[in-house]
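Here is a short briefing on one strand and the sheet around it. Please look over the sequence and structure first.

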Amino acid sequence: MRKILITSLLLCLFSFGIQAQWKRQPSFKGQRFPDFTVKEWISKQPKLKGKFILVDFWCIEAYPVTHRTVPYQNQLAKKYKKQLQVIGLTYDEANLVKLMVEPYIQYYNGIVDWDTINDIFKLEGLPTSYLIDPEGTVVWEGYVLKEGQGENNVFNLTEEKLEQFFKDYQQKKKSRKSKKS
């Protein structure tokens, strides 16, 4: 009986530890995206004014996921270039990132300090992404890839969702204009 009680207690503590760790990553949804410095731009520095921004924190070790998300984000960056800037940020060494050929990043990317990622975002896993509206408010956060195997990838941030964010933002702007008149 004592072994069962001790085992149950340990399982409860272990479970609580996992839940506490899971809740460690703060949510920025509905808040202003935190300010921080990009240590080095691998690409040229993006112009962000008036656009939605998809910030994707990634790393080379996350290849099993990034080889699925990067082509998708390349596609989003190309298709929605008038409304969206995609930015990939990693803590990996710049020379290693520059040597990467697969997956090939066709959107803006740069290097940030690990301490910046850890202190501000407390990310539990990479890649983790944030969609920010043109006013700097986070409207979506999470993992772009829901699941994937082979060519069958299911994405959390679908084109339909992205287009809905664009429409909602335009309606919000129109509503504000009509209230001022």
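Phe52, Leu54, Asp56 and Trp58 point one way from strand β2, Ile53, Val55 and Phe57 point the other way, and all are buried. Buried means under 20% relative accessible area, against over 50% for exposed and in between for partly exposed (1.4 Å probe, protein chains only). β2 spans residues 52–58, and seven of its seven residues are buried.

This is a predicted model: local features need pLDDT of at least 70, side-chain atom pairs count only at pLDDT 80 or more, and totals for chains, interfaces and linings use all residues. Residues are numbered from 1 along each chain as its sequence is written, and side-chain values use heavy atoms, without hydrogens and water.

**Partners of β2**
- β2 pairs with β3 (residues 84–90) in the parallel sense, over seven bridges; two strands pair if DSSP finds at least two bridges between them.
- Phe57 faces Leu89 in β3.
- β2 pairs with β5 (residues 128–132) in the antiparallel sense, over five bridges.
- On β5, Thr128 is the bridge partner of Phe57.

**The whole sheet**
- Six strands form an open, mixed sheet in the order β1-β4-β3-β2-β5-β6; strands are DSSP runs (E, at least two residues) and helices are too (H or I, at least four), numbered from the N terminus.
- β1 (40–41) and β6 (138–142) are the edge strands, each with a single partner, so one side of each has no neighbour in the sheet.
- β5 and β6 run antiparallel, joined by four bridges.
- Ile132 stands opposite Val138 in β6.
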